[in-house]
Amino acid sequence: MSSLWLLFIGLAMLAGGYLLYAKFLGERIYRLDPAYATPAHEMNDGVDFVPTNKFVLWGHHFTSVAGAAPIVGPAVAVIWGWLPAFLWVTLGTVFFAGMHDMGALWASTRNRGRSMGMLSGRYIGARGRNLFLVVIFLLLLMVVAAFAVVIKNLLISTPSAVIPAWGAIVVALVVGQMIYRWRMNLLLTTVIGVTALYSLILLGDAYPVELPASTLGMSPATFWIVALFVYAGIASLLPVWVLLQPRDYINGVQLFIGLGLLYGATLLSAPDLAAPALNDNVPEGTPSLVPLLFVTIACGAISGFHGMVSSGTSSKQLDKETDARFVGYFGAVGEGLLALGAIIAATAGYATLADWEAVYTEFNAGGVTAFVQGGGSILNAGLGIPTSLSATILATMAVLFAATTMDTGVRLQRFVVQEIGEVLGTHVSKYVGTAIVLAVAMGLTFSAGAGGEGGMRIWPLFGTTNQLLASLTLSIVAVILLRKKRNPLPALVPLVFVFVMSFYAAIVQLGTLRDDEDWLLLGLDVVIIVAAVWVAVEAVLAMRAARAMPEETDEQDREVGIVLLVGCGSTRVAAPPTATTL
């Protein structure tokens, strides 16, 4: 079967989702109001709260939620065949992820940019909030530690990606000045930034960087991990407009260019799908498709981490409430496009079924490797791009997206630490909060040796924890909709499906961990399951109470938001020029 069928049907479904379903959600369910004063304006502090052009903010949101997950998940899940992965990515993006991301962004915007963890205190209760924060902290810890290891491995295995990966930081700093200080035209700024980034890719391909056995007394693995944490800590403290926004924006543009190249090469070469639609010859030890498919592919279908970004950073930068459709829903669509590209690369990038099976010898054997190899083969066949340069482009794409997720994750986890301090009645400064995050994450990463193997120690719990968190975020959105007497079904249907599948997967995982006698992960899995079930019960009770309440108005939103604002002791300072009118 030709891969063009996947390409055309997938693109049509994702475009239809944004043009039709997102419009329905924005107008009929969330009722986005262009006149509503967003937190970015009311609490503009020039650091975290900054009104931002929707295209720039989309770039931040998209690249922060994407990371390497929409590449890794689908490229692993095709071991069951391309059809289940394709259906979950397309349908999940349209009806689950877009609704979830847009809903979390809207809910946080209506509550002064508060995170989903703190919103659970208002809409579910204090007990639910405390347990929610625990789950969020563990999830972000997994992301920050694991992505440091993923990036380190890519920098070592693909040394041609070193120069563009680190050079992108300099490009982003200059782009930030061009947008906010020099007030340059956004299109011109974009062209200059992307040209500089791709020039770095060519330079990196020509001059790969391989570290010596010892750098500052550290092995290459240790050095890269330390450097990444230092960078992420600094980036999380800088005002968002200095580095975070411009870096994510340029990365988002270059990703779409990369996807355009991949899709264009697919269109020109029209490779056949080497993998079967349904694989009835999976390697021994491969888990069952249900429920594992729905936690293996999270980013690219629906992901709880997206709710953390929507309510953690994006809601603090939203210029107009109506921008939530483009930033939130289209951000999910962008990730769906990346996941679709990963499926095509990992199934049509091999000449024969035997070549494909030689890669997928066991579960988790695909991932980034299959994406880079398969995608590089398609780029070479369709556009004549040399295989080495194709690998550099795709590896750089993976590194840059993993890095943006990592530094956003550190910032988000700092917010969570500060919110936990607030619950405990203690003020935690951003510097202390960041130090705590780095200490815990680096401690986990190096807990199993200088190579950073500990960073993947609790990663096996990410899939189920992430999806349980998505269902809990949807429960908050559902409670808000019920309080406002609006149709909750767009939230309730994905909520029930995702919770059932992720809970089922968590129970299956308990048995696996018990058989492996991995008592640490077993204990953590039990804690996560208990916390999720407890919050779910509290959410159901909150939904029942919401049905009996009088309709909650937008004015009540604002009144409660002011109380939250005063309670968190927010202050306003002089803000930099905004990019909302560029």
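Of the residues lining the largest cavity, 11 are nonpolar, none is polar and 2 are charged, where Ala, Val, Leu, Ile, Met, Phe, Trp, Tyr, Cys and Pro count as nonpolar, Asp, Glu, Lys and Arg as charged, and the others, Gly among them, as polar. The model is predicted, with local features needing pLDDT of at least 70 and side-chain atom pairs counting only at pLDDT 80 or more, while totals for chains, interfaces and linings use all residues. Residues are numbered from 1 along each chain as its sequence is written, and side-chain values use heavy atoms, with hydrogens and water left out.

On a 1 Å grid over the protein atoms alone, a cavity is a set of points where a 1.4 Å probe fits but cannot get out, whereas a pocket is an open set with protein on both sides within 12 Å along at least five of seven lines; lining residues have an atom within 4 Å of a point. Grid points are joined across faces, edges and corners, and a volume is the space filled by probe spheres set on the points. The whole structure holds 3 cavities of 30 Å³ or more.

| Space | Volume | Lining | Nearest the centre |
|---|---|---|---|
| Largest cavity | about 90 Å³ | 13 residues | A165, W166, L228, R247 and A403 |
| Largest pocket | about 1300 Å³ | 43 residues | V72, V76, N364, M456 and W459 |

Helices here are DSSP runs (H or I, at least four residues), numbered from the N terminus. To the lining of the largest cavity, α17 (387-423) gives the most, with 4 residues. The lining of the largest pocket has 26 nonpolar, 14 polar and 3 charged residues.

Notes: Helices (H or I, at least four residues) and strands (E, at least two) are DSSP runs, numbered from the N terminus.
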